[in-house]
Amino acid sequence: MTLTKEQLEHFKEEGYVVLEAALQDADFEPVIKDYEGVIDQLATDLHAEDRISQLYADEPFETRLARICDEDEATYFESDTFLDVGHIRGEGTFHFMRNKRLLDLIEGLIGPEICCSPMTHIRAKLPSDLERGRNSNVVFWHQDAIFFHEEADTTFVLTVWIPLCDTTEENGCLRVMPRIHKHRTVYWNDSLPGGDWVSVPMKKGDVIFIHKLTPHSSGTNNTDAIRWSLDIRYQRRGTPTGRAFWPSFDARSHLSPESETEYEEWREAWIAALEKYPTKVPRKNRPEGPTPYRGDM
Ligand SMILES: O=C(O)CCC(=O)C(=O)O
Ligand SMILES: [Fe+2]
């Protein structure tokens with residue numbers, strides 16, 4: 001399936017587009033299997049250290065980590081880092097980033113030469129518990145354009161946000177400000193103007209494409225299950241990712257199919273990169289207020 005004319009038009013006009021039922025349960029299985037394995041190992045380790053009273057082995061993917069975190073505060077606050085895609089380097093997750101259905105849709109905006117950015121995250125938005133000062137993965141309004149280093153300022157980077165469960169206002173679904181991308185402005189720091197926004201509840205299987213100038217956010221998770229999601233960024237092969245210190249990979253190439261990256265290569269590249277740069281290298285010369293965007297749209 002490719003992007004329809006209407007979907008393309010919606011993206012150009014509104015700065016985002018939701019693609020309903022773009023993926024099937026089987027597409028997610030490799031990712032979920034990777035992370036079920038990670039959480040199982042975590043439970044075993046924490047139980048051995050007496051940090052949790054049981055393994056919660058009967059809990060499904062949607063809740064197991066949340067029950068572990070009910071008992072272990074440190075895991076609640078550290079889950080972001082230790083689960084992240086470059087840290088886990090799961091084979092199923094790698095193959096998901098090259099999922100044919102996904103890339104066919106992305107091709108509609110990027111073209112057939114597709115690079116996958118190292119700015120890829122899995123988010124376990126854990127149940128919020130404000131009384132205990134817990135509020136996992138609440139994301140304030142921002143454009144993704146502010147997260148790249150200068151060399152990618154004119155690159156078109158597409159954010160592909162994919163829920164691994166149904167998302168609702170109650171569990172902290174995504175929210176977007178439509179049409180702000182048309183300002184062609186990057187709003188650094190807190191310079192983003194207020195504006196009308198919409199909640200974007202999504203079903204598992206739906207995918208949203210977000211322009212890097214489209215402000216988005218998400219609130220608290222007021223359920224007792226996890227709002228799992230992936231956010232992956234794609235761009236034309238050969239354009240700078242703005243994260244040169246971490247590995248990008250060629251997800252699809254018609255021109256030189258031999259350049260398409262294999263799993264082992266990607267995994268080794270992450271191991272080497274994290275040894276050198278365990279944390280993100282901050283951007284130099286970060287502008288203070290709004291700046292004009294002169295890049296590709
Ligand atoms: O997952 C969220 O709540 C927000 C994620 C986000 O800001 C992004 O994917 O760029
Ligand atoms: Fe974002």
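The structure holds 1 cavity of 30 Å³ or more. This is a predicted model. Its largest pocket has a volume of about 690 Å³, and ligand 1 takes up that pocket's space. Taken alone, ligand 1 exposes 300 Å², and the protein buries 98% of that.

**The cavity**
- The largest cavity contains about 50 Å³ of space.
- Residues from one stretch of numbering line it, among them Val-85, Met-97, Cys-116, Ser-117, Pro-118 and Thr-120.
- Pro-247, Ser-248, Phe-249, Trp-266 and Trp-270 also belong to the lining of the largest cavity.
- By class, this lining has 8 nonpolar and 3 polar residues.

**The largest pocket**
- The volume of the largest pocket is about 690 Å³.
- It is lined by 35 residues.
- Of these, Asp-80, Asp-84, His-121, Arg-123 and Asn-137 are the closest to its centre.
- The lining of the largest pocket divides into 14 nonpolar, 12 polar and 9 charged residues.

**The shell around ligand 1**
- Ligand 1 is surrounded by residues that include Arg-123, Val-139, His-142, Asp-144, Trp-161 and Leu-174.
- The shell also includes His-216, Ser-218, Arg-227, Ser-229, Asp-231 and Arg-233.
- Strands E4 (139-142), E10 (216-218) and E11 (227-236) each supply at least two residues of this shell.
- E11 gives the most, with 4 residues.
- The shell residues divide into 3 nonpolar, 4 polar and 5 charged.
- Arg-123 is in the shell around ligand 1, and Arg-123 is also among the residues closest to the centre of the largest pocket.

- Arg-233 has a side-chain N or O atom 2.8 Å from an oxygen atom of ligand 1.
- For Trp-161, the distance from a side-chain N or O atom to an oxygen atom of ligand 1 is 2.9 Å.
- Asp-231 places a polar side-chain atom 3.4 Å from an oxygen atom of ligand 1.
- The protein buries 98% of the 300 Å² that ligand 1 exposes when taken alone.

Key: Residues are numbered from 1 along each chain as its sequence is written. Chains are lettered from A and ligands numbered from 1 in the order in which they are written. This is a predicted model: local features need pLDDT of at least 70, side-chain atom pairs count only at pLDDT 80 or more; totals for chains, interfaces and linings use all residues. Side-chain values use heavy atoms; hydrogens and water are left out. A residue is near a molecule or strand if one of its heavy atoms lies within 4 Å of it. A polar contact is a pair of N or O atoms within 3.5 Å; within protein, one must be able to donate a hydrogen and the other to accept it, and residues adjacent in sequence count only if both atoms are side-chain atoms. Accessible areas come from the Shrake-Rupley method with a 1.4 Å probe; for residues, only the protein chains shown count as cover. On a 1 Å grid over the protein atoms alone, a cavity is a set of points where a 1.4 Å probe fits but cannot get out, and a pocket is an open set with protein on both sides within 12 Å along at least five of seven lines; lining residues have an atom within 4 Å of a point. A molecule sits in a cavity or pocket if more than half of its atoms lie within 2 Å of its grid points. Ala, Val, Leu, Ile, Met, Phe, Trp, Tyr, Cys and Pro count as nonpolar, Asp, Glu, Lys and Arg as charged, and the others, Gly among them, as polar. Grid points are joined across faces, edges and corners, and a volume is the space filled by probe spheres set on the points.
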